[in-house]
Amino acid sequence: MNPAIPVVVTDDSNKSQYGKYGYWCCNSVVPITTLPAIFIFISAGMQLALGLGFEPLYSIYGNVEHFRFSWFIGVIIGAVACMPLLMYAPRKCVMLTSSVLILIEGILFTSAPTRADPLLAGRYLNGIAVGLATITYLMYASEIAPNRYRGSCSAIEQYSLTIGIAIQVIYATQWNLLLKFPVTRVHGILDIIFALAAGVLAQFCFIESPIVGLLQKDEASAWNSLAHLELPKTVSSATKQRFEELKEYARDESSLDLMDNIKRSAVPLAKMILFRSAILAFSFSLPLSRALIEGSAMNHINWPAIVAVCLRIFGAGIAHVQIDYIGRKLPSLVCAVIIGGLLIGIGAICNNYINLYTQRPMAIVTSLCLLLQFFAGAYAPFTSVYLGEAFPLKLKGYFIAGCVVVEQLIHIIVICSYVRVNGPVFIAPGVITVLAAVALLVTMPETRKTSLMEAQGRFRHLLYLKML
């Protein structure tokens with residue numbers, strides 16, 4: 001039964017404004033519905049950078065190692081808890097819960113900026129919030145966005161993280177220690193602002209995915225969601241075509257039993273653990289941060305960190321703009337190979353102990369770190385897109401959570417095993433990254449301008465040789 005919403009017949013001959021199949025539904029309001037997630041992920045980027053070595057001097061109280069990996073444990077907890085929570089609560093409530101947790105973290109950082117336990121608790125709370133929001137958003141964005149713009153919508157996760165990283169790095173490296181205002185209080189104030197913005201926007205701008213209504217056999221709810229994703233709120237001929245596509249997708253996925261879903265997820269899971277969990281974690285890590293900081297200190301300069309994050313934002317921006325036009329597979333894997341090569345190059349220089357105390361070699365290390373962050377920024381948005389497309393609908397959240405958990409575990413292992421800058425901490429990840437990129441070159445699909453059903457079908461094939 002269709003809801004009582006006006007039906008507007010559009011002129012589909014104007015192809016310039018329409019997506020795939022000649023329709024332009026959901027383009028107007030989709031960016032607005034992603035705004036709550038943007039503020040949550042900016043906060044996440046700040047905490048990520050804080051845990052990976054970009055903290056001002058004397059701003060960590062208590063055990064440094066525990067403080068650094070605490071946020072990643074929080075993300076694991078949130079990711080694991082997300083799907084059971086979504087069984088009983090709508091996605092809007094999960095996003096609001098994330099906002100509240102970040103608000104509490106911000107209050108802790110602001111009210112107790114020099115006490116170890118409140119800061120540690122804040123890190124855990126922020127991590128849980130980000131774990132909840134990441135799984136929810138990647139599922140949500142892949143479902144509400146039209147096929148033609150699904151990439152740029154999903155990529156907001158990593159692009160927002162990059163902005164958060166930049167904020168943390170800039171104020172952490174430029175903070176004047178003579179100021180009596182604690183730097184952690186600044187972090188807390190920013191998180192309070194981001195949490196309030198995310199909460200208000202989630203309350204008033206979040207529109208539930210039509211897929212949820214279709215899975216619940218509630219077509220009226222699905223129609224209503226699609227209508228709200230257009231501006232003005234209508235059910236046009238474009239909306240009808242979009243509805244039929246999503247209905248077919250939901251019907252096909254609902255017919256699968258548990259074993260069918262697991263079988264369909266096995267190959268995509270192996271690909272995404274390499275593509276998202278491993279390569280993304282290696283491209284921004286504690287050893288890389290320390291190499292950049294120590295290289296800058298050796299040459300008595302403090303601007304490289306700022307340039308690094310600016311280059312990362314620039315790379316992410318380029319990827320975000322072209323992700324639905326040029327393609328996803330080839331640009332991302334070219335970036336991955338370059339990241340691996342740069343990691344090996346940094347490791348080769350740092351493998352000689354004398355180089356660590358010599359200005360010229362460390363200047364080269366700093367330059368390679370800057371270049372690496374450009375390609376890391378360009379690579380990261382592709383991981384969000386592929387993660388939202390890879391898995392069958394019923395188990396999508398569980399497998400996305402699995403990839404996110406593995407990514408955090410890699411960070412925790414690196415943090416706990418890190419002692420100092422040396423060759424092996426870069427060469428090993430570099431070799432793994434290059435080998436993974438070569439393997440993915442013949443297995444990763446190109447999903448630009450495909451429906452979710454088509455994209456998942458391509459992921460299930462072990463080999464996929466087409467580049468574009």
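Axes here are lines fitted to C-alpha atoms, for helices over the stretch in contact, and angles run from 0 to 180 degrees between N-to-C directions. I am working on a predicted model, where local features need pLDDT of at least 70, side-chain atom pairs count only at pLDDT 80 or more, and totals for chains, interfaces and linings use all residues. Residues are numbered from 1 along each chain as its sequence is written, and side-chain values use heavy atoms, with hydrogens and water left out.

**Entry: a helix pair**

I looked up helix 12 (residues 258–283) and helix 17 (residues 396–417), and found them packed at an angle of about 35° with axes 9 Å apart. Helices are DSSP runs of H or I with at least four residues, numbered from the N terminus. I then listed the contact (heavy atoms within 4.5 Å): helix 12 brings residues including L269, M272, I273 and R276, and helix 17 brings F399, C403, V406, E407, I410 and H411.

**Entry: helix 2**

Next I turned to helix 2 (residues 35–51), whose 17 residues reach 25 Å from first C-alpha to last, close to the 24 Å expected at 1.5 Å a residue. That expected span is 1.5 Å times one less than the number of residues. I noted 14 of the 17 residues of helix 2 as buried, so this helix is largely enclosed by the rest of the structure; buried means under 20% relative accessible area with a 1.4 Å probe, protein chains only. Just after helix 2, I found G53 with a positive phi of about 105°.

**Entry: domains**

I took domain 1 as 26–207 and domain 2 as 257–467, with bounds from an automatic or database domain assignment. Their centres, taken over C-alpha atoms, are 20 Å apart. I also noted 43 residues of domain 1 in contact with 50 residues of domain 2.

Notes. Helices (H or I, at least four residues) and strands (E, at least two) are DSSP runs, numbered from the N terminus. Buried means under 20% relative accessible area, exposed over 50%, partly exposed in between (1.4 Å probe, protein chains only).
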